[in-house]
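I opened my notebook for this one with a plain wish: to walk through a sheet and the helices around it. Here is what I looked up.

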Amino acid sequence: MKRAFVFPGQGSQAVGMGKELAEAFSVAREVFEEVDEALGQKLSMLMFEGPIDELTLTENAQPALMAVSTAVTRVLQNEGNLSLSDHASFVAGHSLGEYSALTAVGTVELADAARLLKLRGQSMQQAVPVGEGAMAALLGLDFEDAQAVAEEAAQGEICSAANDNAPGQVVVSGHKAAVERSLDIAKAKGAKRAVLLPVSAPFHCSLMAPAADAMAEALAAVTFKSPSVPVVCNVSADMVTGPEAIREYLVQQVTGVVRWRESVLYMRANEVEQLIELGAGKVLSGLNRRIDRDLTSANAGTPEEIENLLKSL
């Protein structure tokens with residue numbers, strides 16, 4: 001069976017995530033300690049104990065989710081003797097999850113990934129003043145129809161498709177007034193639901209250009225290596241193995257569409273039968289079922305789930 005390992009993005013965070021891993025595995029504790037040291041903050045304490053409003057801040061949620069995914073990966077490798085290059089045909093991650101994937105396959109060092117994601121979160125938050133941007137989920141429309149809704153809603157402002165998550169689940173992003181206009185337009189075009197999302201900034205649209213500039217500068221200073229497993233990148237929905245191409249895609253990712261649906265279909269077209277989600281929550285497993293019902297999913301985010309996964313491989 002051909003498998004791919006996938007890594008979750010923002011929205012999967014929860015107070016207590018990673019705590020069981022840290023209690024059960026020394027290698028997981030080492031991951032959290034290294035991230036804490038790299039950032040100069042007790043991020044692990046925030047992950048384990050909260051409060052949730054502070055954990056959900058973009059600059060905290062992004063490195064925290066990467067830390068949990070990396071801890072799971074290291075436990076599988078060190079405790080379970082699982083080699084990603086032996087068991088995975090591809091890796092992929094949803095938005096910030098791409099950094100988790102790149103850490104897992106040795107392209108980026110853990111400490112560098114933590115610092116990059118901290119900066120990414122801060123830069124994305126600072127790119128647009130609070131209250132000026134918004135995001136909305138348009139449910140029941142395909143990607144092309146959602147794009148048409150966004151174009152109609154823009155009216156001289158920014159409104160564009162940001163996340164192509166699954167059939168009938170597209171997120172739009174941009175100026176708040178334009179995104180609010182998209183809600184009524186989407187409903188008139190047959191959307192089952194159209195709702196504003198509780199996010200702090202309009203991610204993955206051209207308003208994030210200042211953040212993309214900041215990331216370009218930071219990424220240029222980090223050493224990238226060839227991945228041990230091919231990476232399916234968000235912005236291309238295609239396999240990439242060259243370190244410089246990956247670096248450029250990470251810059252483009254800040255303002256570009258998260259092409260998750262197409263990424264999963266690309267892996268499926270290349271005979272992947274199972275997607276294994278490593279990290280907090282089960283968001284991607286839910287999306288994957290909607291994208292292709294013939295795909296099977298597995299999750300590993302707790303000691304019990306890790307044990308069950310290792311038995312199944």
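I began with strand 5, which is mostly covered, as 6 of its 7 residues are buried. By buried I mean under 20% relative accessible area, with exposed being over 50% and partly exposed in between (1.4 Å probe, protein chains only). Helices (H or I, at least four residues) and strands (E, at least two) are DSSP runs, numbered from the N terminus.

A note on what I am looking at: this is a predicted model, where local features need pLDDT of at least 70 and side-chain atom pairs count only at pLDDT 80 or more, while totals for chains, interfaces and linings use all residues. Residues are numbered from 1 along each chain as its sequence is written, and side-chain values use heavy atoms, with hydrogens and water left out.

I looked up the strand order next: 4 strands form an open sheet, ordered 4-5-3-6, with antiparallel pairing. Two strands pair if DSSP finds at least two bridges between them. Strand 4 (159–166) and strand 6 (193–196) are the edge strands, each pairing on one side only. From one strand to the next, the twist averages 20°.

Which residues pair with strand 5? On one side, strand 3 (residues 133–139) joins strand 5 (residues 169–175) over 7 bridges in the antiparallel sense. I noted that leucine 138 has valine 170 as its bridge partner, and glycine 133 has histidine 175. Strand 4 and strand 5 are also antiparallel, over 6 bridges, and there serine 160 stands opposite serine 173. These two strands form a hairpin with 2 residues between them, and glycine 168 in the turn has a positive phi of about 80°.

**Helices on the sheet**

Contact here means heavy atoms within 4.5 Å. Axes are lines fitted to C-alpha atoms, for helices over the stretch in contact, and angles run from 0 to 180 degrees between N-to-C directions.

I checked strand 5 for helix neighbours as well. Helix 9 (residues 143–154) packs on the sheet and touches strand 3, strand 4 and strand 5, its direction making about 160° with that of strand 4. Helix 14 (residues 283–291) packs on the sheet too, touching strand 4 and strand 5, with about 85° between its direction and that of strand 4.

**Helix 13 against helix 14**

How do the axes of helix 13 and helix 14 cross? The axes of helix 13 (residues 260–269) and helix 14 come within 10 Å and cross at roughly 70°. The two helices are therefore roughly perpendicular; I use under 35 degrees for roughly parallel, over 145 for roughly antiparallel, 65 to 115 for roughly perpendicular and oblique for the rest. Trp260, Arg261, Val264 and Leu265 in helix 13 meet Leu284, Leu287, Asn288 and Ile291 in helix 14.

I then followed asparagine 288, which is found in helix 14. Buried or exposed? Asparagine 288 is buried, at a relative accessible area of 1%. Leaving aside neighbours within four places in sequence, asparagine 288 is in contact with Val6, Trp260, Val264, Leu275, Leu295 and Ser297.

**Helix 11 against helix 12**

Last entry: helix 11 (residues 209–220) and helix 12 (residues 243–255) pack at about 160°, their axes 8 Å apart. That makes helix 11 roughly antiparallel to helix 12. Among the residues making the contact are Met215 and Leu219 of helix 11, and Leu250 and Val254 of helix 12.
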